[in-house]
Amino acid sequence: MAPDRRPGAGQSGMIYLDYQATTPIAPEVAVAMRPWLADKFANPHSPSRQGREAAAAIEVARGQVERAIGLPGGSLAFTGSATEALNWALKGSLERAVPGRNRIVTAATEHAAVLDSCEWLAGQGADLTILPVSRDGLIDVELLDRELDERVAIVAVMLVNNEMGVIQPIADIAARAHAVGALMLCDAVQGLGRATIPEGPDLVAVSAHKIHGPKGIGGLWMRSGTEPATLIHGGGQERGLRSGTLSPALCAGFGAAAKLASERDADDKAHVERLWDTGIGVLGDRWTINGSTNERYRGNLNIRREGVDGARLIADLRDIALSLGSACASGSGRPSHVLRALGLTPQQARSSLRIGFGRYTSEAELIDALSRIDSTGRAQESVAA
């Protein structure tokens with residue numbers, strides 16, 4: 001039998017089902033990065049010929065990411081991560097807000113990069129409102145309306161939730177924010193390459209390693225006229241707004257990943273839909289899906305089962321890579337704040353698993369993994385009973 005050449009395959013027999021934590025680097029991305037890791041080492045901010053060549057490669061990559069985002073009337077600044085982009089968007093927007101606009105409105109299911117930044121800003125005097133979500137994980141836009149007034153500076157809501165895949169009505173939320181003169185920040189880290197980013201947001205955070213690109217690079221798309229104040233000072237390399245020497249290799253990798261995501265959009269989505277249907281069929285009706293099944297990116301299968309200890313199940317299936325929730329918080333030992341926001345009990349949250357699949361997941365390995373997850377879950381359930 002020929003060896004499996006898919007990215008991530010053949011790692012000691014590991015089945016990789018943790019696509020929300022990170023994705024395997026696409027072969028095309030590795031090829032695009034390689035020259036900038038070896039001979040083409042010039043500083044892209046140098047006026048030398050080699051520096052100008054590196055700068056040109058960065059601009060090509062910028063255009064590729066902007067086209068993948070697909071929004072008109074703005075531009076992208078590269079950052080060291082999506083976490084940096086979200087910090088910059090929130091803190092910089094509050095710094096530039098007119099006097100009297102010091103309110104932030106966000107949701108209880110946001111990523112820690114948003115919630116922790118908002119809490120920090122609240123400690124600096126901002127007025128923070130964290131909206132609850134319904135049992136299916138969606139924001140009640142009528143409740144949002146009641147919280148919006150002329151004091152709101154920014155509304156921050158993610159497109160695709162990183163723990164359960166639920167898709168929020170971003171265009172509607174942005175329109176309601178704009179109606180009171182507020183900005184709208186969209187965390188599209190899990191959405192880029194997986195769901196259409198709707199028009200409306202003023203600021204959009206993205207990340208390369210969630211779309212088969214390299215780690216260590218993200219970006220903030222900014223609608224013209226809504227740029228936040230500078231967060232990192234120094235040489236002002238990114239449009240005078242963000243300082244630091246850019247890595248041509250990382251930028252080229254992000255650009256190649258974004259271009260590939262655009263080209264493979266229909267195929268990737270169809271593949272994920274097939275895998276979702278397959279997975280649901282394997283698991284059966286003893287597992288409950290957390291969050292909406294309609295308004296959802298289907299490459300995120302967050303499930304729970306009574307009597308299951310998620311952490312122990314993962315330990316028992318060490319050759320299957322999956323998680324309990326956000327990679328940033330899984331080691332804390334605390335139940336997921338996202339699942340608790342749905343109204344789940346601590347025990348229900350601890351009995352939950354996040355299974356993430358995508359472009360390089362085969363149907364056969366998904367069936368194998370889910371069959372073993374189901375078998376292990378049934379064994380735990382019988383012991384608990």
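Student: What makes helix α7 largely enclosed by the rest of the structure?

Tutor: In this predicted model, a residue is called buried when its relative accessible area is under 20%, and 12 of the 16 residues of α7 are buried, so the helix is largely enclosed by the rest of the structure. Among the buried residues are P248, C251, F254 and L260. What covers the buried residues of α7 includes the helices α1, α2 and α8, together with the strands β2, β7 and β8.

Student: How do you know that the span of α7 agrees with its 16 residues?

Tutor: At 1.5 Å a residue, helix α7, which covers residues 248–263, should span 22 Å, and because its end C-alpha atoms are 22 Å apart, the two values agree.

Student: Why are β2 and β4 called edge strands?

Tutor: The seven strands form an open sheet in the order β2-β8-β7-β6-β5-β3-β4, with mixed pairing. Each of β2 and β4 pairs on one side only, and that makes them the edge strands. Neighbouring strands of this sheet are turned by 20° against each other on average, with direction ignored.

Student: How do you know that β6 and β7 pair?

Tutor: Pairing requires at least two bridges between two strands, and three bridges join β6, residues 183–187, to β7, so the two strands count as paired, and they run parallel. Within these strands, C186 stands opposite V204 in β7.

Student: Which strands does helix α3 lie across, and at what angle does this helix run to β7?

Tutor: Helix α3, residues 82–96, lies across β2, β3, β5, β6, β7 and β8, and runs at about 165° to β7.

Conventions
Residues numbered from 1 in each chain as written. Predicted model: local features only at pLDDT ≥ 70, side-chain atom pairs only at ≥ 80, totals over all residues. Heavy atoms only, no water. Helix = DSSP H or I, 4+ residues; strand = E, 2+ residues; numbered from the N terminus. Expected span 1.5 Å × (residues − 1). Buried < 20%, exposed > 50% of the residue type's maximum accessible area, 1.4 Å probe, protein only. Contact = heavy atoms within 4.5 Å. Axes fitted to C-alpha atoms, helices over the stretch in contact; angles between N-to-C directions.
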